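Biologist: Could you walk me through how some of the helices pack in this one? I'd like to have the structure in view first.

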Amino acid sequence: MNDHILKIGNYEFNSRLIVGSGKYKDFQTTKDATLASGSELITVAIRRVNITNPNEENLLDYFKDTNVKLLPNSAGCFTAEEAITTFRLMREATGIDIIKLEVIGDAQKTLYPDVIDTIKACEVLKKDGFTVMAYTSDDPIVAKRLENAGADAIMPLAAPIGSGLGIQNPYNIAFIRDAVKVPVLVDAGLGCASDAAYAMELGADGILANTAIAQAQDPMAMAEAFKYATIAGRISYKAGRIPKKPYATASSPVDGLIQF
């Protein structure tokens, strides 16, 4: 398979960059920046952006003449049941079956995911026939459990949502890459294009960027920067410019004791 192709479930994408749709001034700017990024997948909060009501301005209409697919997400859902119901209703209205599963555990400060309910929801949604991309913490054990629950892609946070702090724990991203066989896409907290390149150099299969692009003085230029940074980081990783396991060997031998 062409290494430029990102395969998630039965879907294939030519770009390894996913963009978000929040925080733009209007839908036209959202479209322009997305096209500049080269991304073929844009995530949309079902509870915040209209993609189901044909009688109101609808983001779907802006992408009908493009190759960009919408990736509905469950931002604003705080239980597995809420997320499951939201996605079922969304699919009934739009026919879209590739989703970004988010179940938030703390809406007041961190916006960290509730990983227990995320796993529960993943199991049900996968049985329902969805292609599930699961937003989660940067915990390799949780990542493996999500894979076992049927997740088609794991999306660990790099830093708190919207913080722009960049990758705070590169070791955990590398651990997750080693732990699972499905694609790993670094999500949340990327602040600049170099963060995207670093995520790819750590072995990520792709990245998701929103605030860094949408809140830039020139969203189109920043989107293009993320496009090339993602490509460059992937090439660097495949070229072996940094170790594929950028962490030290455990001081106590674990061979034969731990298997992911």
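Modeller: In this predicted model, helix 5 (residues 140–148) packs against helix 6 (residues 170–179) at an angle of about 30°, and their axes are 9 Å apart.

Biologist: Which residues of helix 5 meet helix 6?

Modeller: Pro 140, Ala 143, Lys 144 and Glu 147 do so, and their partners in helix 6 are Phe 175, Ile 176 and Ala 179. By class, the residues of this contact between helix 5 and helix 6 comprise five nonpolar, no polar and two charged.

Biologist: Switching to helix 1, how does it pack with helix 9?

Modeller: Helix 1 (residues 27–37) and helix 9 (residues 219–239) have axes 7 Å apart, with an angle of about 30° between them, which makes helix 1 roughly parallel to helix 9. The crossing of helix 1 with helix 9 is right-handed.

Biologist: And what residues meet there?

Modeller: From helix 1, Thr 29, Asp 32, Ala 33, Ala 36 and Ser 37 meet Pro 219, Met 220, Ala 223, Glu 224 and Lys 227 of helix 9. That contact of helix 1 with helix 9 divides into five nonpolar, two polar and three charged residues.

Biologist: Stepping back, how many helices and strands does the chain have?

Modeller: There are nine helices and ten strands, and 52% of the 260 residues count as buried. The accessible surface of the chain is about 12,200 Å², with 50% of that belonging to carbon and sulfur atoms.

Definitions and conventions
Residues numbered from 1 in each chain as written. Predicted model: local features only at pLDDT ≥ 70, side-chain atom pairs only at ≥ 80, totals over all residues. Heavy atoms only, no water. Axes fitted to C-alpha atoms, helices over the stretch in contact; angles between N-to-C directions. Helix = DSSP H or I, 4+ residues; strand = E, 2+ residues; numbered from the N terminus. Parallel < 35°, antiparallel > 145°, perpendicular 65-115°, else oblique. Left-handed = near helix turned anticlockwise from the far one by under 90°. Contact = heavy atoms within 4.5 Å. Nonpolar A, V, L, I, M, F, W, Y, C, P; charged D, E, K, R; others polar. Buried < 20%, exposed > 50% of the residue type's maximum accessible area, 1.4 Å probe, protein only. Areas by Shrake-Rupley, 256 points an atom, 1.4 Å probe, with all protein chains shown as cover.
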